[in-house]
Amino acid sequence: MQLIRWREQKFSSIITICMVVIVVLVCVRLGFWQLERATHKQQQLASIATLQTRGVMSWQQMLKLPSNWNKTGLLVELTGHFINDEYWLLDNQVYNGQVGYDLLALLKPNNETHAILVNLGWIKAPLSRDTLPKVTLPKHAFTLTAQIKENNLTAFSLESKTNNIDLPKRVQTIELNKLSEQSQQLLVNFMAYRQGSGDAIGIPHYTAVVMSPQKHHAYAVQWFLIALACVLVAIFASKKRTHNEK
């Protein structure tokens, strides 16, 4: 009988050790992942800072940059016309605690065949989800300063095949190829986020790096502390069990 009880206790101890090891390994892995993310954010911020030392570039100056450069972070002055009634409302955008949309529109720079998708900023959502905000795009030539974002755009999914009479359309995410197909316009392979203060069109609020490296470091410390706490609790529980068995 004692042998059976000993075996049960031994098996229980092995299971507990395995669970503790798994939890600790997962926590440590998550901690190192947060450190990797912090390093990536630091590199991204440094890259953006370097690009912005060039100041605000013209559209033509930006197009002359090497094609293999990642243009994310460049500040560019854009002048052109919005393509009438071809805009989208990016859903679930929060500004100062209020829920609304980001207004996405197509701007065709002067003397260009390709248009660029521009995030014009945040607009307040009506009380009812069944109602979309009323949007009026400028009809005249429009000039704005924008920050470029290339790659890592969120995937954009359309509910079904649509045509121009269905616009404007509420959307959840962004994919330039789908927008190009829907609008039947040629688009450049990056987008622009308007900078500056808010106006009747929208309130720019884009931040290139949402979570700072310091916050990633803080999360890493939390995961490592959880791993340490798990080990200490396991050691304390093991000693207590041994003491009770004597």
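Predicted model: local features only at pLDDT ≥ 70, side-chain atom pairs only at ≥ 80, totals over all residues.
The buried residues of H3 pack against S2, strand S3 (98-109), S4, strand S6 (169-171) and strand S7 (187-194). Which residues of H3 are buried? In this helix, spanning residues 176-183, they are Leu176, Leu179, Ser180, Gln182 and Ser183. They sit on the same side of H3, because the arc they cover around the axis is only 165°. Asn177 and Glu181, on the other side of H3, are exposed. The general rule behind such a pattern is that an α-helix has 3.6 residues a turn, so residues three or four places apart point the same way.

Now step back to the whole chain. Its secondary structure comprises four helices and seven strands, arranged along the sequence as α-β-α-β-β-β-β-β-α-β-α. The chain has 246 residues, and 35% of them count as buried. Looking at contacts between residues at least 6 apart in sequence, 65% join residues at least 24 apart. The chain exposes about 15,400 Å², of which carbon and sulfur atoms supply 57%.

Let's turn to the aromatic rings. How many aromatic pairs does a search of the whole structure find? There are five. One of them joins phenylalanine 82 and phenylalanine 142, a tilted pair with 5.5 Å from centre to centre and 50° between the planes. Phenylalanine 82 belongs to strand S2 (residues 75-95) and phenylalanine 142 to strand S5 (residues 142-149), so this pair links parts of the chain 60 residues apart. Phenylalanine 82 and phenylalanine 142 are both buried. Another pair brings together tyrosine 95 and tryptophan 122; it counts as tilted because the ring centres are 5.5 Å apart and the planes lie at 35°. Tyrosine 95 is in strand S2 and tryptophan 122 is in strand S4 (residues 115-124), so the pair ties together parts 27 residues apart in sequence.

Finally, have a look at the annotated segments. The unreviewed UniProt entry places the feature "transmembrane region" at residues 12-33 and 219-237. In the model, residues 219-237 are 100% helix and 0% strand, with the end C-alpha atoms 27 Å apart.

Definitions and conventions: Residues numbered from 1 in each chain as written. Heavy atoms only, no water. UniProt positions renumbered as here; feature names shortened; annotations may be inferred. Helix = DSSP H or I, 4+ residues; strand = E, 2+ residues; numbered from the N terminus. Phe/Tyr/Trp six-rings, centres within 6.5 Å; stacked < 30°, edge-to-face > 60°. Buried < 20%, exposed > 50% of the residue type's maximum accessible area, 1.4 Å probe, protein only. Arc of directions from axis to C-beta. Contact = heavy atoms within 4.5 Å. Areas by Shrake-Rupley, 256 points an atom, 1.4 Å probe, with all protein chains shown as cover.
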